[in-house]
Amino acid sequence: MLDANRSGTAPASLPAATPTPPAATPSLLAAAPGPALTPAGPGAAAVPVPPRAGWAARCTRLLLSPYARLSLLLALLAGGAAGVLVCEPQRLLTHGWPPQLGGAAAALVFAAAYGLCTVVFVPRPLLNLAAGAMFGSQVGLATALAGTVLGAGVAFGLGRALGQDALRPLLRGRWLNAADGQLSRHGFRSMLALRLFPGVPFWAANYCAAVSRMGPLPFLLATALGSIPNTAAYAVAGARASAPTSPAFLIAMACVAVPALAGTVVAWRKRHRLRAG
């Protein structure tokens, strides 16, 4: 300092050091919000790319929504009912079974057709009479029971997969809540009673059970066991339809009428308990 002052020259001041910002790490860049950057080419700046729209996910959620599935179920049932009206399966009773089908093959085809017809609201008594008329009492009974279980299982599966989520929030009436509680808590015995004492249409019982929390195995087992007496009576009546005054025909008709009357009486006497449930 003394030498510099003596010579008359001032020392040159050093420039202040400028702090260097730390380099951004890849993890920080990845965590930063904003659109993705895509390089436009070598040496070019990155071009922001907007995020991909989730239209596919929205369409999937819409198609899998409860009301969309319920609409699909209604469309399938309407299409099936229209197909039955166009094909007119009742012509089998007048024109007979196709000659190329016979024996076990005819019974299997009839059982499959029986099950599909019950799904789209065709009354079971008519199908049971047709089974007895075309196959006799024993084979007709076996064929009708197979079709009954098949149709009940298909209707239960369709109702459970496509209609339960949309219809359960609508169970707000007293009678609806009571029926749902009976089927959910006492599924086997409730369904067995419905099958033994006819009064509720077959298709209505199937879809009510599907909307409830009843399990599929108790439902199918109760359907198979409870449908035997009624189905046997109709099959015998169909097999003896050519002799309506025969004892077998009259006994079969009595077996149809007595359970129906008993079921009506029991339902009337239990109506207060159903309302309270």
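Which residues does Leu127 touch, not counting residues up to four places away in sequence? Leu127 touches Phe110, Tyr114, Cys117, Thr118 and Val122, where contact means heavy atoms within 4.5 Å. This is a predicted model, in which local features need pLDDT of at least 70, side-chain atom pairs count only at pLDDT 80 or more, and totals for chains, interfaces and linings use all residues. Residues are numbered from 1 along each chain as its sequence is written, and side-chain values use heavy atoms, with hydrogens and water left out.

**Nonpolar cores**

- The largest nonpolar core has 13 residues, of which Val84, Phe110, Tyr114, Cys117, Val122, Leu127 and Phe135 touch the most other members.
- Another core, of eleven residues, lies apart from it, with Phe156, Met191, Ala209 and Met214 among its members.
- A nonpolar core is a set of buried Ala, Val, Leu, Ile, Met, Phe, Trp, Tyr and Cys residues joined through side-chain atoms within 4.5 Å; buried means under 20% relative accessible area, exposed over 50%, and partly exposed in between (1.4 Å probe, protein chains only).
- Helices (H or I, at least four residues) and strands (E, at least two) are DSSP runs numbered from the N terminus.

**Cysteines**

- The structure holds zero disulfides, a disulfide being a pair of cysteine sulfur atoms within 2.5 Å.
- The closest cysteine sulfur to that of Cys117 is in Cys87, 8.8 Å away and therefore too far for a bond.
- Cys117 counts as buried, at 11% relative accessibility, whereas Cys208 is partly exposed, with a relative accessible area of 46%.

**The loop between α6 and α7**

- Phe121 is found in the loop between α6 and α7 and is partly exposed, with a relative accessible area of 34%.
- Phi of Phe121 is near 80°, a positive value in a residue other than glycine.
- Most residues other than glycine have a negative phi.

**Annotated spans**

- The unreviewed UniProt entry places the feature "transmembrane region" at residues including 67-86 and 106-127; such annotations may be inferred rather than shown by experiment, feature names are shortened, and positions follow the numbering used here.
- Residues 67-86 are 100% helix and 0% strand, with end C-alpha atoms 28 Å apart.
- Residues 106-127 are 82% helix and 0% strand, with end C-alpha atoms 15 Å apart.

**Confidence**

- The chain averages a pLDDT (the predictor's confidence in each residue, from 0 to 100) of 77, and 70% of the residues score at least 70.
- Confidence is lowest in helix α2 (residues 26-31), at a mean of 45, and highest in helix α12 (residues 216-226), at 94.
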